[in-house]
Amino acid sequence: MAAILPRTALLLRTPRGAGRLARFLGAGVPAASSDAGTAASTAAEFLPWRNGGGVLHRAVSVDPSAVVEAGAIVHSGAVIGKEVIVGSGTVVGPSVSVGQSTRIGYNVVLSNCSVGEFCTIHNGACIGQDGFGFFVDQDGQVKKKPQELYARIGDNVEIGANTCIDRGSWRDTMIGDDTKIDNLVQIGHNVVIGKCCMICGQVGIAGSATLGDYVVLGGRVAIRDHVSIASKVRLAGNSLATKDIQEPGDYGGFPAVPINEWRRQTVNLRLFSKKHHDRR
């Protein structure tokens, strides 16, 4: 680390250089009014990482084998494990932990979360941001509910591009080991997902839902808030679960029902529609 201090010092020789580095690291001080000493002090808290060219806060724990690519920033209190790869443009927030051999793509944002070992997080994913929790008070004002817990990602989890996983409010959001999540999936606060689940693209899981193990959700499935889904349930694409599903099996429809019942509903609707058309 000492060998790379001169590189940072080069940027701090002039007020302009210090202000530029401080703004890059989120200091938020306008160039016209910035104090060179303050900017230099703020910028000096972050140092370039020799393995990849990213920027790390002094108060981080990073294994020497980890790669933090140029343009990535790791904030104070973060822990980066052995052989982790952090892609360009990614922000690892304060007190985030990333387990061994996890690969993080470009422009990922991690905050208020822990990520297990051997995970893959694809480009643009956001993990650990506030959930959508609001209420209307007696004066008719919309107030935000506290969102102060964490998102916990297990081992061997894959998270697709632009997927969002909110942190918890009354319990941690949990993703079980070996679960695979496709692109553009929204997982709300307090959601608990078991192990070995498969969640296809554009699925939306509302807050405080609970999924067991080996659950499969087809594309664009929606799960209502506080609904529980038993283990080994499979939901067909475009289905909506509005109430608890307590027995394993295949389900589909809007709202979701056992798959054979949904097929009969579909056939009956087609027959009814055809008869109505013939009468006209």
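This is a predicted model: local features need pLDDT of at least 70, side-chain atom pairs count only at pLDDT 80 or more; totals for chains, interfaces and linings use all residues.

Analyst: Residues are numbered from 1 along each chain as its sequence is written, and side-chain values use heavy atoms, with hydrogens and water left out.

User: Why is H57 called buried?

Analyst: Buried means under 20% relative accessible area, exposed over 50%, and partly exposed in between, with a 1.4 Å probe and protein chains only. H57 has a relative accessible area of 15%, and therefore counts as buried. H57 lies in strand β2 (residues 55–57); strands are DSSP runs of E with at least two residues, numbered from the N terminus.

User: Why does V142 count as exposed?

Analyst: The relative accessibility of V142 is 59%, so V142 is exposed. V142 belongs to strand β16 (residues 142–144).

User: What is in contact with H57, leaving aside its neighbours within four places in sequence?

Analyst: Contact means heavy atoms within 4.5 Å. With those neighbours set aside, H57 is in contact with E45, F46, V74, H75 and S76.

User: What does the side chain of H57 reach at 2.9 Å?

Analyst: The side chain of H57 reaches the backbone nitrogen of A59 at that distance, 2.9 Å. A polar contact is a pair of N or O atoms within 3.5 Å; within protein, one must be able to donate a hydrogen and the other to accept it, and residues adjacent in sequence count only if both atoms are side-chain atoms.

User: What makes β30 and β32 a pair?

Analyst: Three bridges join β30 (residues 233–235) to β32 (residues 249–252), and the two run parallel. R234 stands opposite D250 in β32. As the requirement is at least two bridges, the strands count as paired.

User: How do β32 and β33 pair, parallel or antiparallel?

Analyst: β32 and β33 pair in the antiparallel sense over two bridges, and Y251 stands opposite P258 in β33. Their hairpin has four residues between the strands, and G253 there takes a positive phi near 105 degrees.
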